[in-house]
Amino acid sequence: MRLSNVSKAFGQVKALVDVSLDLRAGEVVGLLGDNGAGKSTLIKILSGNYHADEGSFEYQGRPVTINRPADAQALGIATVYQDLALVETRSVAHNIYLGREPRRFGYFMDRRKMERDANVMLEELNIRLASQKTDVELLSGGQRQAVALSRAIAMGGNILLLDEPTAALGVEQTQQVHHLITGMRRQDKAVVVITHDLSDILDITDRIAVLRQGKLWAYAPSSETTTNQIIGWITGVAPPHVRNGAVEMNNGSDQ
Amino acid sequence: MISALKRQDNWTLIGLFITLLMLIALFSWQSEFFFTTRNFINIGQAISIRGLIAIGLTVVMIAGGLDLSMAAVAAVAGMVTASLITLEVNSVLVGVLGIAAAGVLGSFNALLIVKFRINPIIATLGTLLFYRGLAFVSTGGDNIVIGVNAWSELGRGSWLGAPITVWLFLAVVVLGMCFMRFTVAGNHLYAIGGNSEACRNVGIRVDRLRGWTYVAQACLAGLAGLMLTSQSGTALPSALNGAELDIIAAVLLGGIALSGGRGGLLGTLLGLLIIGVVQNGLILLQVQIYWQSVVRGAILIIAVTLDSLRRGGGYR
């Protein structure tokens, strides 16, 4: 998936200015930036909740449009929002297949198949739960995040957008989610992780994209980046730094 | 029954069942007339008409809604059917039109709540007054006496020793349980009550399903109105006036959360039985009518407190 020169303004406020990014299969991109940098706006444009004022999108080499959530879903873009959008009073299996429940005779829910399929999916993702029949309200924060990720994958998502997936989690649960994210990479998914947490971001990502005041301020391989550099880019102390992937698409001064 | 036990908060159901048994033991000990087949049939008959409305309300509340106008809808349906009977309209058509009239009133509730986004409590409080007023205005406050007619068997007949109203009520309970447990739509209603935004995100038609619950609720209230009219041979514009609170109390007592997404029809059935047994027992013990009101109020308070505990307390 390639985004080229995407811009979005809300009245006089420029939320995104000429942002270009490549999202590749089997790669995890960490999307960082201060509050108001444009991270959420970019995610909402990719998920079809906002319409970009300018710019274009390419998916597997062909131009595409994303005007509404259904367009994004059709392209295999699945978003896991910060609030996870789970139904706490329903089981893990039902949450994973919510809205796409296996049916019998058109109107009846095939609960056995749903639970069997959910079990297979959770095993593939190496997610351990007491039972897929457990109501989500009884799960820990990390387990809920895992269920939300499972649902995104069950929806057939090839591009996963994760908004602050570890924001409300403890150390162990955060590790669990990081493990899941690296698992997504192995499954050849393109993953974008929005986060404020810099502690492990270099370990779980392949590339880092830093937004500042709506512009792509830095875009570099994680292996060639340090935490101090990221802080410098986020705060604007360090100069813009765009390499590998977005160079040719971003505005000339950033090169 | 077993699947319903799995779905519901088991402890709520077990607690309700034990409470019911204790009440039966208490009233049996206090009154020699309580533990008789005749009296249990009386209790069944007393709860079956309100029970039909409670079944509809349960489904509405599971989907996160509320309907206060249901008893007024039943009264209007009773007036419509009685008017049609006096006009000697075909008896099948009478039943269909009576329930359809109730369905139209339910559609209006759905329109206010789903389309105009009015809070269900406010919307149905308004329609409660509006529909009850319509029932009185239609005859200038007079009752419509219909006497014995083609529908009398529905309210007065019996089968295998039990009133047809009781059999009909039990049939609706079983059908409702199957619908909520086994169908995709029933499971979606639970999910909508749990988190409607999450359901919208995955493409479930939240507004359409919620709207249908109000229509179905009104149709059941219409059937209750038809049963009540055929039972008494008279349509009263004041029929079931004030029954709303007893019905809501029974539903809440049965484990349905005001916030939606929890509970089931088995719980509502137990809630109805508890309230029915208490009311019957107090009458047999010749407790002063004012004390009966105190007890009904206490049951409503207990039901709401239990709901609060379920949402934020130890039940989680």
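**Notebook: core, chain contact and sheet**

I began with the largest nonpolar core of this predicted model, which holds 166 residues, and I noted that I53(B), V73(B), A74(B) and V76(B) touch the most other members. Helix 4 of chain B, residues 70-86, supplies the largest share of this core, with 13 residues. I also looked at chain A, where domain 1 (2-76 + 158-254) and domain 2 (86-157) each give the core at least three residues.

I then followed A74(B) and, leaving aside residues up to four places away in sequence, found that A74(B) touches I53(B), A221(B), G222(B), A224(B), G225(B), L228(B), A239(B) and L240(B).

Next I turned to the contact between the chains, in which 18 residues of chain B meet 15 residues of chain A. On the chain B side, helix 9 (184-194) and helix 10 (196-201) each supply at least two residues, and helix 9 gives the most, with five. Sorted by class, I recorded eight nonpolar, seven polar and three charged residues on that side of chain B.

Last, I examined an open sheet of chain A, whose four strands lie in the order 2-1-4-5 with antiparallel pairing. Strand 2 (13-22) and strand 5 (62-64) of chain A each have a single partner strand, so one side of each is left without a neighbour in the sheet. From one strand to the next, I noted an average twist of 30°. Strand 1 (residues 2-10) and strand 4 (residues 54-59) of chain A run antiparallel and are joined by four bridges; I picked out S7(A), whose bridge partner in strand 4 of chain A is E54(A). Helix 1 of chain A, residues 39-46, packs on this sheet and touches strand 1 and strand 2 of chain A, its direction making about 65° with that of strand 2.

Technical notes
Residues are numbered from 1 along each chain as its sequence is written. Chains are lettered from A and ligands numbered from 1 in the order in which they are written. This is a predicted model: local features need pLDDT of at least 70, side-chain atom pairs count only at pLDDT 80 or more; totals for chains, interfaces and linings use all residues. Two residues are in contact if their C-beta atoms, placed from the backbone, lie within 7 Å. Ala, Val, Leu, Ile, Met, Phe, Trp, Tyr, Cys and Pro count as nonpolar, Asp, Glu, Lys and Arg as charged, and the others, Gly among them, as polar. A nonpolar core is a set of buried Ala, Val, Leu, Ile, Met, Phe, Trp, Tyr and Cys residues joined through C-beta atoms within 7 Å. A residue is buried if 20 or more other C-beta atoms lie within 10 Å of its own, exposed if 12 or fewer, and partly exposed in between; C-beta atoms are placed from the backbone. Domain bounds come from an automatic or database domain assignment. Two strands pair if DSSP finds at least two bridges between them. Axes are lines fitted to C-alpha atoms, for helices over the stretch in contact, and angles run from 0 to 180 degrees between N-to-C directions.
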